[in-house]
Amino acid sequence: MVSERSAKAQWVRGLLAGAAVLFGTVVAQAQTPVRFSLDWRWEGPAAPFAVALDKGYFKAEGLDVTIDPGAGSREPISRIASGTYDAGLGDVNSLVRFRDENPGMDIKAVMMMYDRPPFAIIGRKSRGITKDVSSLQGKTFGAPAADGAFAQWPIFKAVNSIDDSSMKFENVGFPVREPMLAQGEVDAVFGFAMSSYINLKSRGVPADDIIVLLMSDYGVDLYGNAIIVSDKFAKEKPEAVKGLLRAIMKGVHDTIKDPASAVDSVIRRNDVAKKDVELERLKMVLEQNMITPWVKENGFGGIDQERFARALDQIGLTFSYKKKPTVESVFTDEFLPAADQRKVN
């Protein structure tokens, strides 16, 4: 009798184990693969995405997300347009230009990550750079051709009535941009404020010798990086897009609540990163670019329609549209999480 009950118990356990394996296989098969491109390396600002991976927020939405680093905020756009990636974090202003130059590529921004863009000119006081734009005259700049900030120079120049005929712009690689400024080979560089400022400090340049001219402080009324998705992905898997944004939003909330822990998720993916450096970089981005007064009042991820329209006008100051886009053709809020999920403080 005992052996009979034991045999039945083993049979039941085996049946349950088999069912569990089968269920796990079905769940795994149900995961929608999503290939996502960052704009840059695994550094502090990428914390929300790393957190969403580590805490299983993507998987909870039925998504199997692979996130790869990028080589600048313009690269994700071409990656998504080529079909290699489904979504990514890229410069929305470069997206506007790309769409106009490639009218058949209907890729859109679906969540604004940087309400205030980090585009900046970063110089050194010891090289004659001040907060006054007139100090830029006659100077030499490190200007990577693929840099999102340098791409906005024509707008900055136009709204500030700058004659740049006396300025010299050297196309330098991203890895040597800050080292050249630290060594005095150039007077200033174009870049994202949180990247260049922190990189210069880590190279021993005194903080009081670093001058940051945020373009948004000088009349450049643009937005910054946004989550961008391919038209194919949005049309074929709209629920996956919504799930992706919900998971990212959870990552944003956790990052705001505990930046130090969020940075740990980044460090695990970047062997050469230093926690104190990346934490300072992250805090700078949260304060200057992501959690702005507008975002605190209106919620994270959306846009001000009138401001976006003005941004399109500013892009048109130096870029000849084949067909000027509408706000709705570039950005859609249809995939955003509910308003109460996007509240931040």
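Two strands count as paired if DSSP finds at least two bridges between them, and helices (H or I, at least four residues) and strands (E, at least two) are DSSP runs numbered from the N terminus. Local features need pLDDT of at least 70 and side-chain atom pairs count only at pLDDT 80 or more, while totals for chains, interfaces and linings use all residues of the predicted model. Residues are numbered from 1 along each chain as its sequence is written, and side-chain values use heavy atoms, with hydrogens and water left out.

**Sheet**

- Strands E5 (residues 119–124) and E8 (residues 188–192) run antiparallel and are joined by five bridges, and Ile-121 has Phe-190 in E8 as its bridge partner.

**Helix packing**

- The axes of helix H2 (residues 47–54) and helix H11 (residues 259–267) come within 8 Å and cross at roughly 80°, and the two helices are therefore roughly perpendicular (65 to 115 degrees) to each other.
- In contact (heavy atoms within 4.5 Å), Ala-47, Ala-50, Val-51 and Asp-54 of H2 meet Ala-262, Ser-265 and Val-266 of H11.

**Cavity and pocket**

- On a 1 Å grid over the protein atoms alone, a cavity is a set of points where a 1.4 Å probe fits but cannot get out, a pocket is an open set with protein on both sides within 12 Å along at least five of seven lines, and lining residues have an atom within 4 Å of a point.
- The largest cavity has a volume of about 220 Å³, and of the 19 residues that line it, Asp-39, Trp-40, Phe-192, Met-194 and Ser-195 are the closest to its centre.
- H7, E8 and helix H8 (193–202) each supply at least two residues of the lining of this largest cavity.
- The largest pocket holds about 460 Å³ of space and is lined by 18 residues, with Arg-41, Glu-43, Asn-199, Ser-202 and Arg-281 nearest its centre.
- H7 gives the most to the lining of the largest pocket, with five residues.

Key: Grid points are joined across faces, edges and corners, and a volume is the space filled by probe spheres set on the points. Axes are lines fitted to C-alpha atoms, for helices over the stretch in contact, and angles run from 0 to 180 degrees between N-to-C directions. Angles under 35 degrees count as roughly parallel, over 145 as roughly antiparallel, 65 to 115 as roughly perpendicular and the rest as oblique.
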